[in-house]
Amino acid sequence: MTEKVRKDESFYLKALLSISSEAVSIVNAAGEVQYWSRQAEKLYGIPISEILGQKINDFFEKEDLKILEILELQEPVFNIYHQPKPDKHVRISSAPIFDSEGKLVGAIAIDQDISNIVELNEKLSLTTTELQKIKQQYNLKAQNGPLSNVKGHSAALQTVKTLTLKVAKTNATVLIQGESGVGKELFAQGIHEASSRSGEPFIPINCGAIPEALFESEFFGYEKGSFTGADKNGKAGKVEKADGGTLFLDEIGMLPLDMQVKLLRVLQEREVYRIGGHAPMNVDIRIVAATNSDLEEMVREGQFREDLYYRLNVVTLNIPPLRKRSEDIPVLMKTFIQEFAYNYHQEPPVLSEEALEMCKSYHWPGNIRELRNVAERMVILIDAPTIQPEDLRQIMPHLKERVEPRPGGLAQEKDHLEKQRIADALLETYGNKSAAAKLLGISRVSLYKKISQYGLE
């Protein structure tokens with residue numbers, strides 16, 4: 001090739017690079033800039049006079065330079081996303097340059113500015129997220145109403161929902177009974193929302209979560225200076241805060257006997273004394289209590305006051321366990337899967353017919369709470385768009401168990417179910433009998449009897 005041809009090619013190459021709409025840069029094997037196009041100057045705000053002949057990593061962070069990576073790897077890349085500076089997003093093609101003898105002499109990079117596209121996409125993503133939130137809020141408002149969060153259309157559920165809405169219109173004290181995880185608090189909230197007190201406070205107290213030493217101050221509050229460490233201004237108790245509204249006593253069976261006496265006085269007199277106080281405060285409250293314990297048995301065993309039990313048990317709502325409303329499982333599972341998929345920014349999977357039947361036949365000792373946990377595990381752990389039975393067995397081996405009729409009539413079937421539930425509770429609590437009794441809603445004495453009866457030692 002003659003010298004004239006080489007010069008002509010050089011002119012052609014310079015003309016080609018000068019009209020390119022992309023930023024073009026060339027470095028030698030030492031990383032020194034040999035060419036810096038006008039578009040590169042415009043894109044990065046670095047004048048040609050400053051960068052030409054200088055090491056390119058004096059102007060960029062080394063780890064942000066794809067062209068230096070190409071020098072090391074000696075392999076080309078095409079149309080990949082790259083961010084050489086925090087405010088610059090580019091699509092880059094880069095390749096090593098070899099001489100006629102195959103020796104590496106440098107590298108070339110062609111950068112297309114896509115910063116505006118990336119920014120618009122980020123804004124669009126934010127807008128989409130906001131729209132989804134607004135849409136979700138709108139849907140919640142549109143669907144909002146008493147018991148709107150209690151999903152399902154089974155006859156068992158509809159019966160208790162109808163009774164709930166009927167009793168909500170009165171001021172009667174309500175006792176909600178049901179196994180752990182059936183959604184007793186949702187029904188309590190529904191009673192409040194459907195009542196004439198809906199605009200007033202709904203104050204929940206979990207009687208099983210308060211240390212015994214703090215019961216009285218949590219319930220009734222205290223006057224300033226009542227005891228060491230007390231708030232200098234005093235504190236209103238939960239009963240006082242519920243004035244005009246509804247006081248929800250969850251896990252009422254866990255209330256200590258001395259507190260049962262004081263609660264009974266509140267129910268009878270409709271007044272409360274703060275700790276350290278001398279004047280009673282009148283309170284207008286509606287009491288809704290909930291338990292998974294057998295209060296009648298606790299009364300017989302002296303663990304719950306009979307007079308308080310009858311004061312609470314004006315109207316009783318028995319919330320059906322999930323195994324008695326299995327036709328509601330598909331809508332519940334779909335609702336929870338969609339909720340968690342939205343929270344984790346994933347596409348919601350779909351259950352195959354076999355997997356859905358498997359869920360419907362499982363006895364769900366943890367009820368809605370357990371089903372919700374399983375739905376979350378599905379979204380997190382299963383990548384497939386369709387969930388199959390083998391997927392379910394991996395995330396919850398017990399899901400394959402079925403509640404099937406046993407020969408010998410209803411009594412034997414009941415015994416089988418009771419034995420299975422006790423075994424599950426012991427398994428779930430790692431053999432802790434006190435915790436298992438609490439989970440099952442029975443006393444420890446009763447649990448020990450059942451363990452002996454069914455040979456579960």
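I take two strands to pair if DSSP finds at least two bridges between them. The model I examined is a predicted one.

**Entry 1: the antiparallel sheet**

I looked up the strand order first. Five strands make an open sheet, arranged β2-β1-β5-β4-β3, with antiparallel pairing. I noted β2 (33-36) and β3 as the edge strands, since each pairs on one side only. On average, neighbouring strands of this sheet are turned by 30 degrees against each other, direction ignored.

Strand β3 covers residues 77-85 and strand β4 residues 88-98; the two run antiparallel and are joined by five bridges. Within this pairing I found Y81 opposite R91 in β4, and K88 in β4 as the bridge partner of K85.

One pair I checked is S93 with I110, the latter in β5. β4 and β5 also form a hairpin, here with five residues between them. In that turn, G102 has a positive phi of about 85 degrees.

I next asked which strands helix α4 lies across. Helix α4 (residues 66-73) lies across β1 (23-28), β3, β4 and β5, and its direction makes an angle of about 145 degrees with β5.

**Entry 2: the parallel sheet**

I turned to a sheet with parallel pairing: five strands, open, in the order β7-β10-β13-β6-β14. β7 (202-206) and β14 (315-318) each have a single partner strand, so one side of each is left without a neighbour in the sheet. From one strand to the next, the twist averages 20 degrees.

For β7 and β10 I recorded five bridges in the parallel sense. Here F202 stands opposite T246 in β10. Helix α6 (residues 155-168) lies across β6 (174-177), β13 (286-291) and β14, and runs at about 155 degrees to β14.

**Entry 3: two residues with positive phi**

For E251, phi is near 50 degrees. E251 sits in the loop between β10 (246-250) and α10 (257-269). Is E251 buried or exposed? Its relative accessibility is 15%, and because buried means under 20%, E251 counts as buried.

For W364, phi is near 45 degrees. I located W364 in the loop between α14 (353-361) and α15 (367-381). With a relative accessible area of 0%, W364 is buried as well.

**Entry 4: the second largest pocket**

Rolling a probe the size of a water molecule over the atoms shows where empty space is left. I looked up the second largest pocket, which has a volume of about 830 Å³. Its lining consists of 26 residues, and those closest to the centre are E179, R323, R421, L440 and I442.

Which helix gives the most to the lining of this pocket? I found that α17 does, with five residues. α11 (295-300), α17 (410-428) and α19 (444-453) each supply at least two residues of the lining. By type, I recorded eight nonpolar, eight polar and ten charged residues in the lining of the second largest pocket.

Note on methods: Residues numbered from 1 in each chain as written. Predicted model: local features only at pLDDT ≥ 70, side-chain atom pairs only at ≥ 80, totals over all residues. Heavy atoms only, no water. Helix = DSSP H or I, 4+ residues; strand = E, 2+ residues; numbered from the N terminus. 1 Å grid on protein atoms, 1.4 Å probe; cavity = no way out; pocket = protein on both sides within 12 Å on 5 of 7 lines; lining within 4 Å. Points joined across faces, edges and corners; volume = space filled by probe spheres on them. Nonpolar A, V, L, I, M, F, W, Y, C, P; charged D, E, K, R; others polar. Buried < 20%, exposed > 50% of the residue type's maximum accessible area, 1.4 Å probe, protein only. Axes fitted to C-alpha atoms, helices over the stretch in contact; angles between N-to-C directions. Contact = heavy atoms within 4.5 Å.
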